[in-house]
Amino acid sequence: QVQLVESGGGLVQAGGSLRLSCAATGITFGFTTMGWYRQAPGKERELVASITPAEGTNYADSVKGRFTISRDNARNTVYLQMNGLKSEDTGAYYCNAKQVLGSTNAWGRGTQVTVSS
């Protein structure tokens with residue numbers, strides 16, 4: 001049914017940048033709220049950023065001013081541009097797709113982001 005394929009994770013030095021991508025299939029992308037979550041080792045999953053079909057955005061306080069979420073409906077893809085990366089940003093980043101009307105709540109498999117200090 002719903003499939004989310006993530007890419008763009010890797011190793012970067014503090015102060016550097018990465019761009020994550022998530023390609024979605026099996027959903028009406030233009031009617032889906034997309035989000036990025038992250039989970040550090042031994043910690044709970046937390047919301048990093050989300051974007052609605054109308055392109056309204058929401059960010060965790062810890063990433064405001066540094067991260068930007070965007071979407072390309074023609075390509076069924078959501079992006080997370082991460083600038084000014086810190087060691088505290090290290091973790092597994094997961095793509096999420098959610099639709100209230102259709103009770104859809106799907107997750108990607110995660111992509112690792114490691115920031116060296």
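## A quick look at an all-strand chain

In the protein chain, the 11 positive and 8 negative charges have mean positions that sit 2 Å apart. Here Lys and Arg count as positive and Asp and Glu as negative, with His and the chain ends not counted; each charge is placed at NZ of Lys, CZ of Arg, CG of Asp or CD of Glu. What you're looking at is a predicted model, where local features need pLDDT of at least 70, side-chain atom pairs count only at pLDDT 80 or more, and totals for chains, interfaces and linings use all residues. Residues are numbered from 1 along each chain as its sequence is written, and side-chain values use heavy atoms, with hydrogens and water left out.

**Overall build**

- The protein chain has 11 strands and zero helices (DSSP runs numbered from the N terminus: strands are E, at least two residues, and helices H or I, at least four).
- Its radius of gyration is 14 Å, close to the 13 Å that the globule rule gives for 117 residues, so the chain is as compact as a globular protein of that length (taken over C-alpha atoms; the rule is 2.2 Å times the number of residues to the power 0.38).
- Along the principal axes, the C-alpha atoms fill a box of roughly 45 × 25 × 25 Å.

**Inside and outside**

- Of the 117 residues, 41% are buried (under 20% relative accessible area; exposed is over 50% and partly exposed in between, with a 1.4 Å probe and protein chains only).
- The accessible surface comes to about 6400 Å², and 46% of that belongs to carbon and sulfur atoms (Shrake-Rupley method, 1.4 Å probe; for residues, only the protein chains shown count as cover).
- Take the contacts between residues at least 6 apart in sequence: 53% of them join residues at least 24 apart (a contact means heavy atoms within 4.5 Å).

**The disulfide**

- A search of the whole structure turns up one disulfide (a pair of cysteine sulfur atoms within 2.5 Å), and it joins Cys 22 to Cys 95, with S to S at 2.1 Å.
- Cys 22 lies in strand E3 (residues 18-25) and Cys 95 in strand E9 (residues 91-99), so the pair ties together parts that are 73 residues apart in sequence.
- The link of Cys 22 and Cys 95 is left-handed, with -85° about the S-S bond, and both cysteines are buried.

**Two loop residues with positive phi**

- Most residues other than glycine have a negative phi.
- Glu 55 has a positive phi near 70°; it's in the loop between strands E5 (46-51) and E6 (57-59) and is exposed, at 51% relative accessible area.
- Asn 76 has a positive phi of about 50°; it's in the loop between strands E7 (67-72) and E8 (77-82) and counts as partly exposed, at 25% relative accessibility.
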